[in-house]
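The sequence and structure come next.

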Amino acid sequence: MGVALSRAVQWDSSGADNLENTPLNKAMLSEILLFTEEFGARHPQEAKLVFREPLQWKTSLEASDFKTEYDISGESVMSQESDKDGHPLLHLTPPDITVYTFHHLSNLLQLTEDQKMKEVQACLAANKDPLKKILGSSSATVLLKEGEEDELSGGKELEMKLLNILKELDTKLLNIAVRQITREGRLSPAAVDGEVDQLKSLCGTGESRVLKSVRYTSDYVFSNGCRSPPWRQMDGEICSLIIETCDTEPTLFITCSTTGVFLHEGLIGDVGENSYKRKSDVYRDLVTLLKNKSPHFAKTISEQAIQEVPSEKFQHMETVDEQETGQTSRSYDRREKNAPEKARQQHVQDKPGGRMKKFEPSLKWKNLGLTSSYDKVEEKKAGISGESKNILAHGTKSPASDSKKRANFSETSLQGCWSSQKMKTSGGADDFIESSSEGEEDEEQPDRRAETTTDLPTEYWQIQKLVKYLKGANQTATVIVLCSLRDFNLVQETCQLAIRDVGGLEVLINLLDTDEIRCKIGSLKILKEVCCNSQIRRAIVDLGGLQTMVSILDSSDKELKCLAAETIANVAKFRRARRMVRQHGGIKRLVELLDCVPDGVSVSAEQDRDMEVARCGALALWSCSKSTRNKEAIRQAGGIPLLARLLRSPQRNMLIPAVGTLQECASEKSYRIAIQTEGMIKDLVKNLSSDNQELQMHCASAIFKCAEDKQTRDLVRQYNGLKPLVMLLNEAENKQLLAATTGAIWKCSISMENVAKFQEYKALETLVGLLKDQPEEVLVNVVGALGECAQIPENLATIRKCGGIQPLVNLLIGTNQALLVNVTRAVGACATHPENMMIIDGLDGVRLLWSLLKNPNPEVQASAAWAICPCIENAKDAGEMVRSFVGGLELIVKLLKSPNKDVLASVCAAIAKIAKDVENLAVITDHGVVPMLASLTNTVDDKLRRYLAEAIARCCTWGSNCVSFGDAGVVAPLVRYLRSKDPLVHQATARALFELSKDPRNCITMHEHGVVKPLVDMIGSTDEVLQEAAASCVANIRHLALVYDKARYG
Amino acid sequence: MSAMNRKLIQNLAETMCKQVKHFNTVEMECLIRLFNALLGEQTERKAGHGLDRLNFRHILHNTFDMTDDMMMDRVFRAFDKDNDSYISVKEWVEGLSLFLRGTLDEKIKYCFDVYDLNGDGYISREEMFHMLKDSLIRQPTEEDPDEGVKDLVDIALKKMDYDHDGKVSYADFKSTVRDENLLLEAFGNCLPHLKRIQSFEQQAFQEPQELH
């Protein structure tokens, strides 16, 4: 009790004699109260032991409160017993009271009734070290000498027992305190200030400085220690910092908030709230952030850390070890174990007095190994950092610093999280199979708890009471209680978690198994609301609620079916849940719900209800359709025709889930075919003109996915879908809609007929306008569409006139691979026009394209190489330009080693263009282009054959290349190319053979491989280039024969 | 005799059809026949007035699955509109009309009458307590075993008492149920379940016709 009182209890900082009114103190006081109250009954003997010194304090009791056992005289009260010196064991002269035994203390508390807490508080405030008064100043040492002082043994034994009892209490109190402290894992102003001070001390001017400067953006400190303006404090911000490091670009603008520290946009230019936008990950503390952002800082700090104060270091080491041993146990077990350890630490670190509270956060922070600057060494131990991260997650998850939050609630919630985490990992391996288009999953660990300032305890206790009733209620009472539960704000996270933490989910799910429809309905109505929380969703699945809901889908009550389907829709937001729905036959049942007659105006109330059932079913299927296997299951259950029918519904709330499901499923080929054949394109196009953006977005997205197919593209045009798509481009604020629309336009523009329509609707101008300030997903589609449109020459001028070239070239700097593929294609298409090429050249676009050849993604490489071809063709002084790229020629020749056919074809095409310039041809010959091209000749890919033959034809013109090709054995394979079905291959091959035939030995090889017959056939081709090349080649062969004959026969 | 009887029943059915909603004449006939059959089980003396309380409760229990004694009594009283302790054929048909086909508003009225034990037009706190007193498992450890029920009454009152006068008027009750259908049978089961209704209708309306 001594240690707890002197160290853990939070004394008021103003006057040392008052206890602060904090939850920690409250928890500890109530523990002491309970202990004292029961002391008399539990330890009757010890209770009679007379204290060395009385406990004295000012009480609120009056003489009238006392009953028998006490002598009352006027205002004062005395106990009947007295100690050996004649002092009465209890003496009251209001307001002062003197007590000598625990017996009287507990009596007293029983008399006080509702003022108990105050009484204990007053007593402790007046007696700051009760242990000393009770057992004397040297209680501990006295006990050690116990063996020697036998004569007092009777009294001693009691004293020792009492001491042990009090020690027990002490430990208990410390546990409470530690539990409270452990939860404070968040940053506090004090912690940030401390860290900033440390960092400031690291700034300097010399060579060894770690940072250039650290300063706050504001010098004004609010009373709560924060520096951010109040409206930003609302978001948990503490302060903003400007840190200049030695290596990163100019300055780091950092925001420190209670959740961590992160970079923000900075205060350049117009200072809007936007400039505070987060633009980096959230780090645990400044040091971690700086380490990540500045390699110099990371390096120097780890060097300096070794020279840090050794005493501190010793301590950290100890803590980390402690945590290591506790790793296997659950976090809160470990907390118990660590309790004495922590208490001891507090002894060492804490100066007596009121600073305790300020110190806590940073203490905790060090314990967790988070001040990585110091315990670099320890952190390197494998596994520790992971473990401490885990603890951090808990720290932020539990109610933590929010001082009003309840004491024992977070305990249960912690356990809950643990178990759900465990469950998650166990199902993980199985989950893995289910790949799909699920982008925005909520698979993230539920490790954040919304900041709420509401008075949590009242709601929590009310919910707990209701759930208790629910457990023991008949159906009538159950319904009343359920209705009352619904009156809570169930979308609020505190209520959701309260329901879970008091075991409400179990009860609600059990109710689903009863026969009572009203109970089921009531329960589902609550579940439907609370499962908008991802933790609750997991808990429901873990408790087997999903199976029951699936089986409810068979019910005859339509309201019940609706609710079950809606709840499934809300729960099935993560893979495991979706899989579970499928495995329990939910997909089939949900598909059955879709069966209704949606066309026309509804006739009866009954039909209305059927529609509602179908709508809920579609909602659930929508959620489920994010998993590939569920898509397949929906198809097998006959869902497609039903969805197609719902698509004709006039009701918007029906259309959205139906189209949503379809567009989700359209990632599968079977659906794309079905959407086309079932005539759904017409309905999708019709709904593009709806007045609901969400619906429009899903329709556009479905068209986006389906328009890979030519027939679909034609259908979209036939149903006049292109115009509404172009109209939708004007909805630039809704980025999701814009992304879907531009995607649909992109895919549709693959058909030239569609491009003509787009020209008519002036889509290009709008698209070019969308090249700036858009999210990448939009850009990818816009650029893709421009790339397709640019295949028609007249559009090239349009793009140039609207100023589209510059933004396109600027996009070449990006990193998004999909975007780069489309941008290079678009730039390449633009480069086919000489005027465009001038602009591209002026912007140094070719260099940018060339540098993309270094991109690790083969698609980007190929696309860049294709784009380079027209650039070289149309640029002025192309040869000079290419030579100016240092190492550029070597780079492109090396790409001939790529395993990717498309890359090879594109590089061959580029080489053919490069080789037009003799100097460059000489350079690439030096880089070994001949043997590399020769090694590719055995390919059967017609595209590669064509460009390879072209490249060979061009490269023959330099030096002895023609002979070298012959030596490398390219002739025979090339002759085989003539048997290909592709006329373009023929042309290129004939040209290559013509070039090669300039060397007599090659002619001999060709002739041996029977080249003459096919070439003679090709002389009769309509293609003049082919004609000429074939004829020239035959001429060369013939010429050789003549020369030979002449030489032989004279 | 039988033919005349049939004629009588037909006439009765036709007249009743004009007075009672939701049934057609054929159904009405079936119900009257069923009533007569049930009467036949009773002793001669009582049969003149109609179904007595015991017999009626028997039907409620067996056919409509009701279990709560007090509620069954209240249902009997609600059926027995003239308060003569017997259910006449007209009362029978009217009651069943509500049981089987009643609209929400009709049911609200009926339930309110059932729950308004003393018929003063209000469901008072005491009446609620009386009806809910067995609805929670008592915790023997608690000081006041009725505390939970009292709390439940408070909860119900908070939910229903729109005009804050400490009791639930018909208007209160109506708006509550309109808001939340689940609270129609807030204080006890006094309407048959859907399944029971279906099986009763099947039995009552179809089997006799098969006999013809």
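The second largest pocket has a lining of 12 nonpolar, five polar and 14 charged residues. (Nonpolar means Ala, Val, Leu, Ile, Met, Phe, Trp, Tyr, Cys and Pro; charged means Asp, Glu, Lys and Arg; the others, Gly among them, are polar.) This is a predicted model, where local features need pLDDT of at least 70, side-chain atom pairs count only at pLDDT 80 or more, and totals for chains, interfaces and linings use all residues. Residues are numbered from 1 along each chain as written, chains are lettered from A in the order written, and side-chain values use heavy atoms, without hydrogens and water.

Nearest the pocket centre lie I517(A), D557(A), E559(A), K107(B) and L194(B). Domain 1 (6-103 + 193-210) and domain 2 (104-185) of chain B each give at least three lining residues.

The largest cavity is lined by 14 nonpolar, one polar and one charged residues. I32(A), T36(A), L55(A), L105(A) and C123(A) are the closest to its centre.

| Space | Volume | Lining |
|---|---|---|
| Second largest pocket | About 1100 Å³ | 31 residues |
| Largest cavity | About 180 Å³ | 16 residues |

On a 1 Å grid over the protein atoms alone, a 1.4 Å probe fits in a cavity but cannot get out; a pocket is open, with protein on both sides within 12 Å along at least five of seven lines; lining residues have an atom within 4 Å of a point.

Helices α33 (669-677) and α34 (680-688) of chain A have axes that come within 5 Å and cross at roughly 80 degrees. Therefore α33(A) is roughly perpendicular to α34(A) (65 to 115 degrees).

Notes
Grid points are joined across faces, edges and corners, and a volume is the space filled by probe spheres set on the points. Domain bounds come from an automatic or database domain assignment. Axes are lines fitted to C-alpha atoms, for helices over the stretch in contact, and angles run from 0 to 180 degrees between N-to-C directions. Helices (H or I, at least four residues) and strands (E, at least two) are DSSP runs, numbered from the N terminus. Angles under 35 degrees count as roughly parallel, over 145 as roughly antiparallel, 65 to 115 as roughly perpendicular and the rest as oblique.
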